[in-house]
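Trainee: I would like to go through this model one question at a time. Please keep the answers plain.

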Amino acid sequence: MTFTAPDGRSSRTAPAAVKGSEQLGPLKVLAKEVRGTLSGERARLEALMSADRTWPYDEWCRYYRDHPVTGTLVRSLIWEFADADDGPWQAAAPGRLPVGSPARVRLWHPVRATVDEVRAWRERIVTDQWRQPFKQAFREIYLLTPAEEETGGYSNRFAAHIVHYQCLYALFKERGWQANYLCNHDGGWDGEARGEFGDGGWRVRFDHEPADDQFHYSPDHATTDQVRFDRRTGRRWEPVPLTDVPPAVFTEAMRDVDLFVAVTSIAADPTWTDRGDDRYAAYWQSAVFGDLTANAQVRREALERILPRLRIAKKCSLEGRFLVVRGELATYRIHLGSANVLMEPSGAYLCVVPSRKGGAGAGTGRVFLPFEDERLSLVLSKAFLLADDARITDESILRQIRRAV
């Protein structure tokens, strides 16, 4: 809700002349209900990314594009249209339909598009500053690897990570996955999280277990293991080889698992090295600056388009898995996966803890981001801070820089 004064100025705070109005209370309730509805509709639309579902064009217009609430989300997404049952699919925004008379509609997914088509959509979204309700054009794509084709029934792509278990369990619930709570009684050692995709026709199972042999009630940390897929057959679930899983289902499921690991891994904890000697230090060191996952690779591609538009562009460059920032005091390498920082030429680690107000202590101004991504925001916030390192006032950061240079 915003309030616009006679002179055209707007504010989110109700002015004194309005605060006593009887209409204000019901309007606030309505706005809260609409926000809740939009959140639910956003989740429902995103779940369609793994579904093989089409709609007659007229029905889609009535219940999606022209709907007064859902339509505000639909009109910011890319859809595919076909003019006959066997006609080719053409991608377009709802406001710019392809030539012809569309008969069928489905939600566009980059896993079905060519590399050039995906690149064109991403460029258009950044150029037009087109904000999508969820990551669609910049969505990560996970394809079967040769190793996964050979193993057949499982993937080890996200195995052997050390994660904060409480955060992991909370994220399972947030993403709609079912999971037993790890504990030291009633079979609580066996961890298996389960999520359904493809309109409920497919299930993915993500194994995890306590990282510590001894714990009182529940573990502080867990280790990740295999990912497996099941197909619904009547009321039963039957395990299937990975090669039988539809590409859209596979990529969406693996995207969730990547999210679980990326968000909850101890490699994402910038203060981990302050603990001194630790049994997980070797994992932290290898993971925190390791190869980029599909999620981080999309972050890199977004930065390729965003950086030239920033005021710090001349001080920044992308080199492999790092965003390199040249400050006055030192040169910094920000890892695009973990957002952790190394200083050159010493290679020393720079601990920059995000402020409670968001970011890493330096304002980035109004920077357009084509999708919501906390790690991308953190990378950019650190880049703005370090590009102007001569003006840093945080003594803990300055001590680290002086020691390294």
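Trainee: Is Ala339 buried or exposed?

Mentor: First, how to read the model: it is predicted, so local features need pLDDT of at least 70 and side-chain atom pairs count only at pLDDT 80 or more, while totals for chains, interfaces and linings use all residues. Residues are numbered from 1 along each chain as its sequence is written, and side-chain values use heavy atoms, with hydrogens and water left out. Buried means under 20% relative accessible area, exposed means over 50%, and partly exposed is in between, with a 1.4 Å probe and protein chains only. Ala339 has 0% relative accessibility, so Ala339 counts as buried.

Trainee: Where does Ala339 sit, and what is its phi?

Mentor: Helices (H or I, at least four residues) and strands (E, at least two) are DSSP runs, numbered from the N terminus. Ala339 belongs to the loop between strand 15 (331-335) and strand 16. Ala339 is not a glycine, yet its phi is positive, at about 70°.

Trainee: Is Ala160 buried or exposed?

Mentor: Ala160 is in the loop between helix 6 (146-151) and strand 7 (162-164). Its phi is also positive, near 70°, in a residue other than glycine. The relative accessibility of Ala160 is 58%, so Ala160 counts as exposed.

Trainee: Which residue does a cis peptide bond join to Glu344?

Mentor: The omega of this bond is about 5°.

Trainee: What radius of gyration does the protein chain have, and why does it agree with a compact globule?

Mentor: The radius is taken over C-alpha atoms, and the globule rule is 2.2 Å times the number of residues to the power 0.38. The C-alpha atoms fill a box of roughly 65 × 65 × 50 Å along the principal axes. With 405 residues, the rule gives a value near 22 Å, and this agrees with the chain's 24 Å.

Trainee: How much of the protein chain is buried?

Mentor: The secondary structure comes to twelve helices and 17 strands. Contact means heavy atoms within 4.5 Å. Of the contacts with a separation of 6 or more, 59% come from residues 24 or more positions apart. Of the 405 residues, the share that counts as buried is 48%.

Trainee: How many residues of helix 8 are buried?

Mentor: Helix 8 (residues 247-264) has 18 residues and reaches 26 Å from its first C-alpha to its last, close to the 26 Å expected at 1.5 Å a residue. That expected span is 1.5 Å times one less than the number of residues. Helix 8 is mostly covered, and of its 18 residues the number buried is 14.

Trainee: Which residues does Arg175 touch beyond four places away in sequence?

Mentor: Arg175 lies in the loop between helix 7 (165-174) and strand 8 (178-179). Its relative accessibility is 31%, so Arg175 counts as partly exposed. The residues that Arg175 touches are Arg255, Asp256, Leu259 and Phe260.

Trainee: Is Arg203 buried or exposed?

Mentor: Arg203 is in strand 10 (residues 202-210). Leaving aside neighbours within four places in sequence, its contacts include Glu196, Asp230 and Trp237. The relative accessible area of Arg203 is 19%, so Arg203 is buried.

Trainee: How far apart are the C-alpha atoms of Ser218 and Asp199?

Mentor: Ser218 is in the loop between strand 10 and strand 11 (221-233). Ser218 has a relative accessible area of 16%, so it is buried. Beyond four places in sequence, Ser218 is in contact with Gln166, Tyr181, Leu182 and Cys183. Ser218 and Asp199 are 19 residues apart along the chain, and their C-alpha atoms are separated by 33 Å.

Trainee: How far apart in space are Lys315 and Gly327?

Mentor: Lys315 is in the loop between helix 10 (294-306) and strand 13 (316-319). At 32% relative accessibility, Lys315 is partly exposed. Lys315 touches Val324, Val325, Arg326 and Ala387, not counting residues up to four places away in sequence. Lys315 and Gly327 are twelve residues apart in sequence, and their C-alpha to C-alpha distance is 7.2 Å.
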